[in-house]
Amino acid sequence: MRVLKLDPNIARPDDFYEALIAIHRDLTPGQSAKVNARLVLLLANHVGDMEVLKQALEAAREPGET
């Protein structure tokens, strides 16, 4: 069984955060929500493992878990 990685796993997290904020710059709230939805679907497709995706969904819903 594959397990969702919850420990830090991004080589340069500040760079990722900066890029994430930058893609939302100058967007309306609706456009920003669409970008987030597309990003979630793209990353889910990349992960591809339904068990890991279910773990991620549960972790995202539980406050303070990540």
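Helix H1 is followed by aspartate 26, whose phi is positive, near 70°. Helices here are DSSP runs of H or I with at least four residues, numbered from the N terminus.

Some notes on the source. This is a predicted model, where local features need pLDDT of at least 70, side-chain atom pairs count only at pLDDT 80 or more, and totals for chains, interfaces and linings use all residues. Residues are numbered from 1 along each chain as its sequence is written, and side-chain values use heavy atoms, with hydrogens and water left out.

Back to H1. This helix covers residues 13-24, 12 residues in all, and reaches 17 Å from first C-alpha to last. That is close to the 16 Å expected at 1.5 Å a residue, the expected span being 1.5 Å times one less than the number of residues.

How many salt bridges does a search of the whole structure find? The count is 1, taking a salt bridge as a side-chain nitrogen of Lys or Arg within 4 Å of a carboxyl oxygen of Asp or Glu. Arginine 12 pairs with aspartate 15, and their closest N and O atoms are 2.4 Å apart. Arginine 12 is exposed, at 57% relative accessible area, and aspartate 15 is partly exposed, at 37%. Buried means under 20%, exposed over 50%, partly exposed in between, with a 1.4 Å probe and protein chains only.

Next, serine 32, in helix H2, residues 29-47. Serine 32 counts as buried because its relative accessibility is 17%. Leaving out residues up to four places away in sequence, serine 32 touches His24 and Leu27; contact means heavy atoms within 4.5 Å.

How values were computed: Helix = DSSP H or I, 4+ residues; strand = E, 2+ residues; numbered from the N terminus.
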